Amino acid sequence: MSHDGKSVSRRGLLKNAGAAGTVGLVGLAGCSEGGDGDGDGDGDGGGGGGDGGDDYPALGNYPIDGDTATFGFNVPKSGPYSSEGEDELRAYELAVEHLNNGGGWVDEFEDLSGEGVLDYEIDFVEGDTATDASAADESASRMVQRDDVIMFSGGSSSAVAIAQQGVAQREKVLFMCCLTHSNDTTGKDCVRYSFREMFNAYMTGQALTPVVTEEYGDDLDFYQLYADYSWGQTQQASMKQFFEEAGWNEVDSVATPLDTSDFSSYLSEAQSSGADVLFLNHYGLDGANSLTDAVDAGIDEDMEIVMPLYNRPMAEAASGAIDGIYGTIAWDSQIDNEPSNQFAEVFGEEYDGRSPSGPAQLAYAQTLQYAAAAERAGTFYPPEVIRELEDYDYDNIGMGEETMRACDHQAQRAIPVVRGLPESEQEGGNFFEIVDITSRDDVGYGCDEGPAAECELGEYGDE
Amino acid sequence: MSLVGELVVLLVNGLQTGAIYVLLAIGLSIILGTLKFVNFAHGALYVVGAYIGLLITQQISIANGQLAEWGFPTLGLGWGFIAALVIVPPIVFVVGLAMERFVARPFYDRPDTDQILVTFGLAIVVQELIHALIGPRSYTYDIPSEIAGGIPFSGPVGVPLSAVTIDVWRVWVIAITATLVIAVYAIVEYTDFGLVVKAGTRDPEMVRLLGIRITRPYLVMFGIGAGLAGVAGVVGAPLSNINPEIGMTILVPAFLTVVIGGVGSIRGAVLGGTLIGMVQVTLISLGTVSLGSLSINFTPWAQVGIYALAVVVLLTRPQGLLGSEEVTA
């Protein structure tokens, strides 16, 4: 690495000072990683002057050199969740555009100006998680160390989100979860440096059980297939818990490897089990495949199928197969309120009339939520931004009143329950009808209950 | 579901899974048996077949690929799946001829390790080219539910006397594979061309001394093997996804099929592919079996099962089930 030795020593000193304030191994990691990272970032020694007025020590990638703050967007561009990743990236790019130049929700958020964030222009880098935890870890670490991102975000696959949460906490750089639905993300794997807007499998169970049991009846036997990683496992557990509490009985549950393309053999076993209902706990392309295989094999004629977590790209891929299938979604453009309509409109204008998916809304919302929190804090210093996000009440992202709970960084929010439309009615980008928007009062759990009981958030980094 | 019904579903799924392996293994096995050429790029031919078929069948939108930046946000002819089924094999046949002429032939007399390195490298080049040009995302085929005359083509169809429904496309895959395998077998066994190829396998020097140009039959055999891999790409793709990595994923079971069946043997490839398909599908379908207090879940053992099968065969019949010792020696 060739760079200006003077500026290195200045920044190195700051980094070491920050690291000294933290405790134990985390501090040591931060120190050595920080030393790695500043090779690229500090071309000019004077650029950091703007931060001189802050009273905060260096921490993670704070302070920012120059007058541009960089966000990292780490999405699956390959693997079974790549369609979701593509749509997330569209929304991230839109968010950055609006933060810098106004437009969309930025005009409505009272904390945001549309002239950058804290007088910094926002830039971004992209990464590919490949729907794989170790690839995501590597990509996130590169963003933090080489690109000096001040915040990174991304999602689809909870294993990936959890891996990135590890990077966030270790490096003391904030991670804003996009789509991740495992109970563990804000349960046993929760961290201080990450926030989740998306609900989880536990809450899906709470929202789906009353609707589905009312539709299909009491005392039924069900069979579950689930994706064999963090999300699928907690998804299976939550479905079992809530549907058995409602009087149903799980006959069996079988794990399928992530990135399975042919589910027929797994399905034949489900078909011969004698169960009344089949839960397909698969997501992304895996979900589209398992549902299509199930319908192609005629299983929907013998059993009721439930797809607990759904989204628009999946419905697009499975097309006619989603007819009559119940599930929950993160958000949908059909939800009729001011922020939802506005987001759908600006997204469509930017991308040739395309309707945004739930993951896109999450990506857009999480980027803006971070920026607004930084504005409220008056600094990018991560512990202060975190404190602004904790227990923050908001009603501006299209899902009604919400709270970003401090005890586990899990948004307390409403959940849309949907039913797939037949292919003949899938017009104008609508794939499902919204059956119910389950109020946040009917889902959720206390800080000492459910997944939250296992959550230990860890340190802010300024203790 | 009745026992008969379960067996029908098991048989259809197993044979169909095996059929794809058979289509790939025949090409691999013939090329390895006749030309003594280890072709790790065979999976790339499968990918090429799948992508060409995709572009013939429908129009795809390219999001992350270089082609989008070059002004092709959508690509494809949209002629439908039947057209792809007809057009892809000859195209991949020609690709195979080119591969033989420019990649394989210069390496015929080189050691196996050189052949492996160059073909594996070629497979990576193909994979990464598609990755860069079209992008890493997965695509799925649109496949018609009926063809002309109202014959069911895909989707659920009831099986007589068993009260079960199966995806009829799987039956088509088995039928198409069986037809092609019989055709190739007939060519090799009952034509002069096949005689030359078989003679060349035994003693290429003697065949040359008899005044027969042996390079041309080899070229054609390579092309046929490639064409079959292309067919596998097209018929297999509606049951799975198409992305640049599928060639590498399918290569290993295809080689296992050759190992189990025996190098150079078409009948061996059929037997090996069917065995692997059936073992894999049976283990997945068995699920949890309770024997008294002992409860075993077989599903996660499906992958282990096919390798265990290969191990048993290699230990007891190193030349493969239907392979002859001379060929592997």
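This briefing walks through a seven-stranded sheet in chain A, two helices that lie across it, and the contact between chains A and B. The model is predicted, and chain A has an average pLDDT of 87. Let's take it topic by topic.

**Confidence in chain A**
- A pLDDT of at least 70 is reached by 88% of the residues of chain A.
- Residues 1–53 of chain A have a pLDDT below 50, and the model gives this stretch 56 contacts beyond near neighbours in sequence.
- Where pLDDT is low, the predicted coordinates should not be read in detail.

**The sheet**
- Reading across the open sheet of chain A, the strand order is β7-β6-β8-β9-β10-β14-β15, and the pairing is mixed.
- At the edges are β7 (249–256) and β15 (432–438) of chain A, each pairing on one side only.
- From one strand to the next, the twist averages 20°.
- Strands β9 (residues 304–309) and β10 (residues 326–328) of chain A run parallel and are joined by two bridges.
- Leu309(A) has Thr328(A), in β10(A), as its bridge partner.

**Helices across the sheet**
- Helix α7 (residues 230–245) of chain A lies across β6, β7, β8 and β9 of chain A, at about 165° to β6(A).
- Helix α9 (residues 284–296) of chain A lies across β6, β8 and β9 of chain A, at about 155° to β8(A).

**Where the chains meet**
- On chain B, 27 residues are in contact with 24 residues of chain A.
- On the chain B side, α1 (3–35), β6 (164–167) and α11 (266–286) each supply at least two residues.
- The largest share, four residues, comes from α1(B).
- This side of chain B has 10 nonpolar, 14 polar and three charged residues.

Technical notes
Residues are numbered from 1 along each chain as its sequence is written. Chains are lettered from A and ligands numbered from 1 in the order in which they are written. This is a predicted model: local features need pLDDT of at least 70, side-chain atom pairs count only at pLDDT 80 or more; totals for chains, interfaces and linings use all residues. Ala, Val, Leu, Ile, Met, Phe, Trp, Tyr, Cys and Pro count as nonpolar, Asp, Glu, Lys and Arg as charged, and the others, Gly among them, as polar. pLDDT is the predictor's confidence in each residue, from 0 to 100. Two strands pair if DSSP finds at least two bridges between them. Axes are lines fitted to C-alpha atoms, for helices over the stretch in contact, and angles run from 0 to 180 degrees between N-to-C directions.
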